[in-house]
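Subject: Structure for you to look at

Hello,

Here is the structure I said I would pass on. Please open it beside this message, and read the notes below with it in view.

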Amino acid sequence: MSDEQRFGEGQDNYLQGMRQAAEAARQFGSAAGTAGATGAAAGEAAANAAAATVQAGVEGGKAVAGIAAGTAAGGPWGAVLSAAWSLRHTLFKILIFLCLFLLFIIIAVVSLPSIVFNNIFRTDPSTVDPNAPTEVTASFDDMSAVVSDCIQAGYDAALAEVDQIIADGGYDYDLSMQALVNNALISTEYDTCYVLAAYSASMGQRGTTKADLQSKLNAVADQMYAVTYEVEQTQVPVESDDSADSSQDDSGTDTDDELEMQTVEYVACTIHPFDQSVILTAFGVDTNAQYDQFNVTYGEAILNMSNSLKMTMYGTAADGSVPPISDAELNLFLANLDCSGKRKELMRCALSLVGRVPYFWGGKSAPGWNSEWNTPKLVTAAGSSSTGTIRPYGLDCSGFTEWVYQTALGVTLYDGTWNQWDATHAIAKEELLPGDLGFMAVPGTVPVNHVLLYAGEDADGNMLWVHCASGTGVVLNSPDYVTQYRRRNDIDLEGDLTPAVSTTEEAGADG
């Protein structure tokens with residue numbers, strides 16, 4: 001049998017190739033629509049359909065090995081690329097890759113918020129902003145800034161409401177501001193990706209604009225942070241009119257013998273944490289209603305879009321995997337602690353970040369809530385596998401413990417686990433009290449150390465630690481690797497007086 005290749009042998013049928021490419025796209029749309037697949041699931045359906053199409057078009061099974069290798073390397077998408085590249089004619093390769101590009105656009109349309117990606121893919125030309133960014137990170141930053149500004153407007157509205165309550169009641173301003181409980185500063189709960197996903201879903205991924213997003217969020221700004229208050233009274237010393245000229249003794253020293261006590265009213269206001277449900281109100285979303293584009297509810301569609309955006313921007317959706325501790329849970333936890341007011345304040349600040357702040361190598365922050373947390377940033381600190389990658393900004397382990405001490409007590413633990421070790425002294429395990437520190441190891445004995453804050457025991461007697469853990473962020477759990485127990489030097493943690501908050505310096509990196 002001759003090995004000579006005859007004319008026309010192995011040629012690709014271009015018309016058939018186009019039909020198969022169109023069928024792959026049709027299969028993808030059907031799979032996504034009937035199964036309710038979004039994000040990765042929709043992409044898998046698309047890739048499997050396209051892979052089957054390409055494999056059917058390969059001459060004589062000659063690309064089987066290439067398809068197998070592609071599948072091993074990159075799943076069904078790898079199979080598509082390997083099979084397509086093994087084809088003999090360039091035109092067919094071009095058709096396949098055009099098909100893949102169209103599938104990618106479809107995936108982007110159905111699984112990523114259009115408010116971020118429309119200006120890049122121009123899937124809705126009528127709302128493309130010629131002055132908006134056309135690069136993914138820049139577009140996300142632009143939309144994140146809009147959300148942040150609107151949330152800030154909501155916080156400003158809450159502060160204005162506090163001022164109005166004081167003014168309307170004629171309450172003492174200084175005493176009222178001293179009594180203000182501002183949970184908004186350390187217990188913010190808004191999720192930028194969720195906000196952008198909720199808005200895009202509410203619009204059916206069509207007609208989304210920055211101005212509309214901003215207008216709808218600003219319309220509910222005064223509902224974002226609820227304000228409640230109670231009227232209180234106290235006695236304050238005042239100087240009587242007839243003793244104003246005789247308030248010094250013979251030596252010229254002031255005396256309060258002539259001072260009178262007066263009852264003064266003030267108002268104790270509480271600014272509550274961000275109300276996530278306001279986002280749904282702003283966009284008129286019923287999470288239980290059926291989402292038109294898929295066989296899922298709006299709630300499921302928004303969550304899928306949000307996670308897809310997090311995967312695209314951060315490489316992970318894990319930043320939302322740890323559930324935040326509610327205010328009610330936090331108050332109950334603190335009520336059950338048998339320790340001083342200072343130690344409870346440390347725990348209040350520490351637990352307020354659980355599930356809300358991700359781990360970020362080298363992450364440090366000044367006291368109070370940092371609006372840059374959870375926004376994408378480049379990891380610049382050396383020494384980690386994440387160095388040079390873009391991650392949601394947060395804290396590292398020593399950045400977290402330093403933030404807690406600074407925010408709660410205005411006391412520094414200094415930067416890095418080495419310095420925090422040196423600023424503390426050893427105590428026995430039995431001496432541990434909430435707010436004391438635990439270390440994974442003695443500094444220098446492990447490549448990367450880890451520091452945690454002791455939070456007490458659970459009902460079963462397990463030691464609880466609150467810390468910023470790699471891969472999860474701030475979490476409350478019972479790790480078994482803590483071997484060293486230490487307490488801050490030269491500071492009385494047993495009183496109830498909370499010092500003023502001070503700032504901390506920029507820090508280096510560790511675990």
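**Helices around α8**

Helix α5 (residues 114-121) packs against helix α8 (residues 192-202) at an angle of about 75°, and their axes are 9 Å apart. An angle from 65 to 115 degrees counts as roughly perpendicular, so α5 is roughly perpendicular to α8. On the α5 side the residues that meet α8 are Ser114, Ile115 and Val116, and on the α8 side they are Leu196, Tyr199 and Ser200. Sorted by class, this contact has 4 nonpolar, 2 polar and no charged residues.

Please keep in mind that this is a predicted model. I come back to its confidence values at the end.

Helix α8 also packs against α6, at an angle of about 95° and with the axes 10 Å apart. That makes α6 roughly perpendicular to α8. Here Phe140, Met143, Ser144 and Val147 of α6 meet Thr192, Cys193, Val195 and Leu196 of α8. The contact of α6 with α8 divides into 6 nonpolar, 2 polar and no charged residues.

How many of the residues of α8 are buried? The count is 10 of 11, so the helix is mostly covered, buried meaning under 20% relative accessible area. Among the buried ones are Cys193, Tyr194, Leu196 and Tyr199. After α8 comes Gly204, which has a positive phi near 65°.

**The nonpolar cores**

Which residues touch the most other members of the largest nonpolar core? They are Leu196, Leu213, Leu217, Tyr225 and Phe283, in a core of 51 residues. At least two residues of this core come from each of several elements, including α5, α6 (136-169), α8, α9 (210-219) and β2 (225-239). The element that gives the most is α6, with 11 residues. If neighbours within four places in sequence are set aside, Leu217 is in contact with Val147, Cys150, Val195, Met224, Ile279, Ala282 and Phe283. Apart from this core lies another, of 45 residues, with Leu334, Leu337, Tyr359 and Leu437 among them.

**Residues in loops**

Phe360 sits in the loop between α13 (341-351) and β6 (376-378). Is Phe360 buried or exposed? Its relative accessibility is 5%, so Phe360 counts as buried. Not counting residues up to four places away in sequence, Phe360 touches Lys377, Leu378, Val379, Arg391, Pro392, Tyr393, Gly394, Leu395 and Asp396. Phe360 and Thr387 are 27 residues apart along the chain, and their C-alpha atoms are separated by 9.8 Å.

Tyr414 is in the loop between α14 (397-409) and α15 (416-422). Its phi is positive, about 75°, although Tyr414 is not a glycine. At 42% relative accessibility, Tyr414 counts as partly exposed.

Asp490 is in the segment after β13 (484-488). Asp490, a residue other than glycine, has a positive phi near 55°. With 83% relative accessibility, Asp490 counts as exposed.

**Confidence**

The mean pLDDT of the protein chain is 76, and 68% of its residues reach 70 or more. Over residues 1-80 the pLDDT stays under 50, and the model has 103 contacts beyond four places in sequence for that stretch. Residues 498-509 also have pLDDT below 50, with 36 contacts in the model beyond near neighbours in sequence. Where pLDDT is low, the predicted coordinates should not be read in detail.

Regards

Key: Residues numbered from 1 in each chain as written. Predicted model: local features only at pLDDT ≥ 70, side-chain atom pairs only at ≥ 80, totals over all residues. Heavy atoms only, no water. Axes fitted to C-alpha atoms, helices over the stretch in contact; angles between N-to-C directions. Helix = DSSP H or I, 4+ residues; strand = E, 2+ residues; numbered from the N terminus. Parallel < 35°, antiparallel > 145°, perpendicular 65-115°, else oblique. Contact = heavy atoms within 4.5 Å. Nonpolar A, V, L, I, M, F, W, Y, C, P; charged D, E, K, R; others polar. Buried < 20%, exposed > 50% of the residue type's maximum accessible area, 1.4 Å probe, protein only. Core = buried A, V, L, I, M, F, W, Y, C linked by side-chain atoms within 4.5 Å. pLDDT = per-residue confidence, 0-100.
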